[in-house]
Amino acid sequence: MRSWRRSLQGLPLIFLVLALWEGVCLLGWVNPKVLPAPHAVATRWWEYLAPPQPYDPDAGSRLDWLLSGELVQDAAGSLYRVLAGFVVGAALAVPLGLLMGASERAYRLCNPLLQILRPIPPIAYIPLSILWFGLGNAPAIFLIAIGAFFPVLMNTVAGVRAVDGIFLRAARNLGAGRATIFRRVMLPAAMPYILTGMRVGIGTAFIVVIVAEMIAVNNGLGFRILEAREYFWSDKIIAGMLSIGLIGLAIDQAMSRINTHLLRWHRGLDQ
Amino acid sequence: MTFAIAIDRVSKTFPASKAAVAALQDITLEIPAGQFVCLLGPSGCGKSTLLNTVAGFTGPDSGTVLVHGSPVAGPGPDRGMVFQEYALFPWMTVAQNVGFGLEVKGMGKKAVRGRVDALLRLLALSEFADRYPKELSGGMRQRVAIARILAIDSPILLMDEPFGALDALTRRSLQDELLRLWAELGKTVLFVTHSIEESIFLADRIVVMTYRPGTVKRDLAVALPRPRDPASPEFNRLKRELSDLVTSEQSRHEADERHAVTAD
């Protein structure tokens, strides 16, 4: 795997940053409460990840035990919200985007309203979301859905509008009706845009979930780093942040794999 | 007799910023079934507009187009179109592209598969059945586009400079292939080109068009027996004759372009 080997080339810089950081802490230049040393973060990270109780065969399976660490539970909570919010947002955005892209009338009807709503950051909906949905998962999923909705919508509209007219002419020439053209020509032709929108959308969802968890729920990665701040556990804050980074990277990689598979006809099309 | 294509006093004007462009003016053309007709002229002479009118992509401002006696109301599978840019669906494999028109017609999966296989064999494409268009050369893509049209068994083939983007060798082999298929299947072909040699090599009849307004300048039959030899004296005599006709239109086209540039 070439791409894997290529990303290994970034390792020296990572080690250099870690070494400098450790050095600065070792020399006592910074207060460890403010910036804990990497080894302290690593220790805390392990505690955060590891199961809290020793393995007890009567309590459940070994897998359950392995996954009983706080970090695993938090990550699962955050991922659940991201996926639920993303699915809600995208499930609304894709059909609306297809409609707006295909119909000039629908576009002119919906676009002004959407352009007013679009610049409002999902964070600004927090007070209303709590008012409407109370506390718990519901307001978080609402905020995440808003965050995912607009990138998916905008890209879907652009994708349908960018469909090369020659494909439509070819399809009509071959006898295809409107419904067939929509399903078998416009939708696949717009797919690269739609998937790009989804990739951006899930990234936004991941940003919003952290903020939402700081407000409305009592688990998840966002909640945990805010909780750690209350106790002045800087090492746990950083461990939580790095967990967020790694999970975000994993999601993005997974999306990219799915894109590559779905768009195998498309790669290098312009070459 | 009913013509395969009967174009009767068709005119079409495109609005433009400075002056309206008369793409077609009072064109009348009758094409019997089974004839291979080339529309020849410089770019901008309206030959593609005429083809698109027959295809039903654009309607004429005035005049009528009858296909097998009925007026053209829109695009349809009775007039299969082959585009210069191939217009294959890039998200479908070769076999899916060729089968698309049949599936649209409601043919069952198995029947589609059988017909597609036969066509891929006919055009020597069998080994590419599961490839995507991007993996094929231009010549191969155009063969797929031809197979896709043959699949729906259109009695009329409309071809818009189909070999214009291909290299000379590929172009020649596809011309041979097209003639073979035409002789075998008895289709009516309306073929747009700006290559004089291509039109003589292929056509029963060459219609030379004028540059703006687009009218029929000359309608001549090519009586040479096939296969035609581009090196033969008859071929070259015809080539010179057509060259004179086309060159004067080409120079009007160029003068027009220069004028447009200075006007800007």
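Which residue follows helix 2 of chain B with a positive phi? Gly106(B) does, with phi near 95 degrees. The structure is a predicted model, in which local features need pLDDT of at least 70, side-chain atom pairs count only at pLDDT 80 or more, and totals for chains, interfaces and linings use all residues. Residues are numbered from 1 along each chain as its sequence is written, chains are lettered from A and ligands numbered from 1 in the order in which they are written, and side-chain values use heavy atoms, with hydrogens and water left out.

Helix 2 of chain B spans residues 94-104. Helices (H or I, at least four residues) and strands (E, at least two) are DSSP runs numbered from the N terminus. Eight of the eleven residues in helix 2 are buried, where buried means under 20% relative accessible area, exposed over 50% and partly exposed in between (1.4 Å probe, protein chains only). The buried residues include Val94(B), Asn97(B), Phe100(B) and Leu102(B). Their cover includes helix 9 (165-173) and helix 10 (178-215) of chain A, together with helix 3 (109-122) and helix 4 (138-151) of chain B.

The contact between the chains (heavy atoms within 4.5 Å) takes 25 residues from chain B and 20 residues from chain A. Together the two chains bury about 2100 Å², 70% of it on carbon and sulfur atoms; buried area is the accessible area (1.4 Å probe) that two parts lose on being put together, summed over both. Trp91(B), Phe100(B) and Lys134(B) supply 31% of the area that chain B buries against chain A, more than any other three residues.

One salt bridge is counted between chain B and chain A, a salt bridge being a side-chain nitrogen of Lys or Arg within 4 Å of a carboxyl oxygen of Asp or Glu. Arg184(A) forms a salt bridge with Glu103(B), and the closest N and O atoms are 2.7 Å apart. On the side of chain B that touches chain A, the largest share, four residues, comes from helix 2 of chain B.

Chain B also holds an open sheet of four strands in the order 2-1-4-5, with antiparallel pairing. Two strands pair if DSSP finds at least two bridges between them. The edge strands, each pairing on one side only, are strand 2 (21-31) and strand 5 (70-71) of chain B. Strand 1 (residues 5-14) and strand 4 (residues 62-67) of chain B are joined in the antiparallel sense over five bridges, and Ala6(B) stands opposite Leu66(B) in strand 4.
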